[in-house]
Amino acid sequence: MEPIRRSCWIKPASIYVIPSREYVKIGIANDVQARWQQLKTGNPHIEWPHYVSVLVPNSQQIERIVHGTLARYRLPRTEWFRCSRYLAEVTVRLTIERFEK
């Protein structure tokens, strides 16, 4: 797992887990509802976000760590993962908690 660099502060964004059938999308957005609407346009199976974090200042780095942690489930070159919603949510929550320590 990539070491956490606390000096990597960027504009805050939310980290989300959006399910679609047997897949989940893990990404970041300033406006999760608007992002969900964009995704829904191209995929009628998109569900309302299963999990949305509070705004975190280091969202890009956390997203990168989560993607790396779940790499074995990742669809190549996408933010889509074939894993449970629960696994995706727990991975995001634990990564955020780890970063806050």
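Leaving aside neighbours within four places in sequence, V17 is in contact (heavy atoms within 4.5 Å) with V24, K25, I26, P49, H50, Y51, R85, A88, E89 and V92. The model described here is predicted: local features need pLDDT of at least 70, side-chain atom pairs count only at pLDDT 80 or more, and totals for chains, interfaces and linings use all residues. Residues are numbered from 1 along each chain as its sequence is written, and side-chain values use heavy atoms, with hydrogens and water left out.

## The sheet

Helices (H or I, at least four residues) and strands (E, at least two) are DSSP runs, numbered from the N terminus. Four strands make up an open sheet in the order β3-β1-β2-β4, with antiparallel pairing; two strands pair if DSSP finds at least two bridges between them. The edges are held by β3 and β4 (80-81), each with a single partner strand, so one side of each is left without a neighbour in the sheet. In general, strands of a sheet pair through backbone hydrogen bonds, either parallel or antiparallel. The table sets out the pairings.

| Strands | Bridges | Sense |
|---|---|---|
| β1 and β2 | seven bridges | antiparallel |
| β1 and β3 | two bridges | antiparallel |
| β2 and β4 | two bridges | antiparallel |

Y16 has G27 in β2 as its bridge partner, and V17 stands opposite Y51 in β3. For K25, the bridge partner in β4 is W80.

Strand β1 is mostly covered, since seven of its seven residues are buried; buried means under 20% relative accessible area, exposed over 50%, and partly exposed in between (1.4 Å probe, protein chains only). Both faces of β1 are covered, with S14, Y16, I18 and S20 buried on one side and I15, V17 and P19 buried on the other.

## Two residues with positive phi

β1 and β2 form a hairpin with two residues between them. R21, in the loop between β1 and β2, has a phi near 55°, a positive value in a residue other than glycine. R21 is exposed, with a relative accessible area of 56%. R77 also has a phi near 55°, a positive value in a residue other than glycine. This residue, R77, is placed in the loop between α2 and β4, and R77 is exposed, with a relative accessible area of 80%.

## The nonpolar cores

A nonpolar core is a set of buried Ala, Val, Leu, Ile, Met, Phe, Trp, Tyr and Cys residues joined through side-chain atoms within 4.5 Å. The largest one has 15 residues, and those with the most contacts inside it are I15, V17, V24, I26, I62, V92 and I96. At least two residues of this core come from each of β1, β2, α2 (59-69) and α3 (85-100). Its largest share, four residues, is supplied by α3. A second, separate core of eight residues includes I18, A29, V32 and I46.

## The helices against the sheet

Helix α1 (residues 32-42) has V32, W36 and L39 as its buried residues. These cover an arc of only 65° around the axis, which puts them on the same side of α1; the arc is that of the directions from the helix axis to the C-beta atoms. The face turned away from the buried side of α1 carries the exposed residues Q38 and T41. Cover for the buried residues of α1 includes β1 (14-20), β2 (23-29) and β3 (51-52). The helix α1 lies across β1, β2 and β3, running at about 30° to β1; axes are lines fitted to C-alpha atoms, for helices over the stretch in contact, and angles run from 0 to 180 degrees between N-to-C directions.

Helix α2 packs on the sheet and touches β1, β2 and β4, its direction making about 160° with that of β2. The buried residues of α2 are S59, Q61, I62, E63, I65, V66 and H67, and they pack against β1, β2, β4 and α3.

## V56

V56 is found in the loop between β3 and α2. At 3% relative accessibility, V56 counts as buried. Not counting residues up to four places away in sequence, V56 touches P12, A13, I15, I62 and I96. The C-alpha atoms of V56 and P76, 20 residues apart along the chain, are separated by 26 Å.
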